[in-house]
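Student: I would like to learn how to read a ligand site. Can you take me through one?
Tutor: Gladly; here is the model.

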Amino acid sequence: MTDATAQATGHRRPADLPDRIQHYIDGAFVDSVDGDTFDVLDPVTNETYLQAASGKKADIDLAVAAARRAFTEGPWPRMLPRERSRVLHRIADLVESRDKRLAELESFDSGLPISQALGQARRAAENFRFFADLIVAQADDTYKVPGRQINYVNRKPIGVAGLITPWNTPFMLESWKLGPALATGNTVVLKPAEFTPLSASLWAGIFEEAGLPQGVFNLVNGFGEEAGDALVKHPDVPLISFTGESSTGSLIFGNAAPYLKGLSMELGGKSPAVVFADADLDAAVDATIFGVFSLNGERCTAGSRILVQREIYDEFVEKYAAQAKRVKVGYPHEETTEVGSLVHPEHYDKVMSYVELGKTEGRLVAGGGRPEGFDTGNFVAPTVFADVSPDARIFQEEIFGPVVAITPFDTDEEALALANNTKYGLAAYIWTSDLKRAHNFSQAVDAGMVWLNSNNVRDLRTPFGGVKASGLGHEGGYRSIDFYTDQQAVHITLGEVHNPTFGKQG
Ligand code: NAD
């Protein structure tokens, strides 16, 4: 985009944008071995604004070799937890001190509203701080058999962790994996999403400044089928932590199977928000609006199916549609923007195809296309469909944009059956003032995480993950530490050696 176009459209381009991004391997920025690059687009104009190095197997091999060397020969896995913790706290300090710049770049690259990108940058710092604290508080089990044996757990880092991340809130999601992987003494190769490589390119400088030893962090940009695939199939990478679509997760699961890798899979969702007639209606409307339209609706835990009890259904739909129409769509860099532009034209086309499909599957009560005044770029008006049948595709499939389906129900049993009626099981949001119903429903719903009368406010100590097609394994708090470490059991005899002696006869 030329500066003149930018001014005409009100779009803003951050100062000092790079025009190319390289890999970061063994402490140095490098191009791809074969020199290949790919285009990265500005989601407001869909014009190419930089070239990123396009990694392949040869680049992954170099990155894994560097990470392996840093693991077997370097100081990082052998440092005291307190020493690693100090480095992690410095990383958090640096991220915090650069939060505005990080948010500016993230917002420009991904189309996320700047105010939300700022919150995500701060959350990234918090992820590092959290694991910096956790690693020094970590205690492991010892089991005593009086007079005979002591058995203790020797927790060890595993090796090179392969981290594969998606494009929604890229920097924050990378921190979510980098924090625990590094805190536990592993070395890493990160493969960020190809739509949004910009903010990931800042980690190297932050880590160098914080004193992370050379080779501990490596970054290879590129496509999933090339760079990501090579990481998954690399024999020296015993762990893969993946966040992305369920179908990609299942492909990776198969590709990793011959190597018997440790896998953590955070996958897609189609989470229900269930609003009972006895709920605080205003709070429920506010929360369910935020739940699906924040982060442009590109949110794994979005409450993208709203189930509403029949007594309040009409009132809810009316209030909801009116408020959805007031949600402010704007340029990502503007402070007042609540919904920015979707990340990429391919994703825009996918979301728009669901918007068109929705017009045949439900009653359109808000949005339904491009918002007024935004003729280019990937802008979608917050879109609400009511009276959506539970077998409709917009009720069943993850859209990952600012589009929501509302469906009525009569009884608790029906609400539960509807809530559980998808292949996904990531989150559920329940709105009711009946204590028994709240707990019984929460415990019965197929979801890895439930919020009762609450928005998606997460405590970093709690498990994070989904059931069914939404994930395998749980990270979060000590569960992340468990994923990134081996727990070796060491047994020691205290008294007489207890030997059933063989070979004494004859
Ligand atoms: P995606 O699956 O297309 O890509 C995710 C990452 O995997 C990218 O880095 C991509 O390059 C890589 N990849 C693709 N094919 C690969 C392959 N064959 N081998 C190795 N790597 C490969 O997902 P996306 O479109 O970037 O992200 C959106 C999806 O992520 C949504 O489904 C969303 O729900 C999910 N998500 C889940 C969570 C969670 O915690 N459960 C959080 C955020 C996003």
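What follows is a short walk around the ligand in this predicted model.

Student: Which residues are closest to the ligand?
Tutor: Start with the shell. Here 30 residues surround the ligand, and the closest are Lys-191, Glu-194, Thr-248, Leu-267 and Glu-398.

Student: What is the make-up of the shell by class?
Tutor: The shell holds 15 nonpolar, 9 polar and 6 charged residues.

Student: How do I read the polar contacts?
Tutor: Look for pairs of N or O atoms within 3.5 Å. The side chain of Lys-191 places an N or O atom 2.7 Å from a ligand oxygen.

Student: How much of the ligand's accessible area does the protein cover?
Tutor: On its own, the ligand has 850 Å² of accessible area, and the protein covers 93% of that.

Student: Where does the ligand sit?
Tutor: In the largest pocket. Elements that give two or more residues to its shell are α8 (224-232), β11 (239-243) and α9 (246-256). Of the elements, α8 gives the most, with 4 residues.

Definitions and conventions. Residues are numbered from 1 along each chain as its sequence is written. This is a predicted model: local features need pLDDT of at least 70, side-chain atom pairs count only at pLDDT 80 or more; totals for chains, interfaces and linings use all residues. Side-chain values use heavy atoms; hydrogens and water are left out. A residue is near a molecule or strand if one of its heavy atoms lies within 4 Å of it. A polar contact is a pair of N or O atoms within 3.5 Å; within protein, one must be able to donate a hydrogen and the other to accept it, and residues adjacent in sequence count only if both atoms are side-chain atoms. Accessible areas come from the Shrake-Rupley method with a 1.4 Å probe; for residues, only the protein chains shown count as cover. On a 1 Å grid over the protein atoms alone, a cavity is a set of points where a 1.4 Å probe fits but cannot get out, and a pocket is an open set with protein on both sides within 12 Å along at least five of seven lines; lining residues have an atom within 4 Å of a point. A molecule sits in a cavity or pocket if more than half of its atoms lie within 2 Å of its grid points. Ala, Val, Leu, Ile, Met, Phe, Trp, Tyr, Cys and Pro count as nonpolar, Asp, Glu, Lys and Arg as charged, and the others, Gly among them, as polar.
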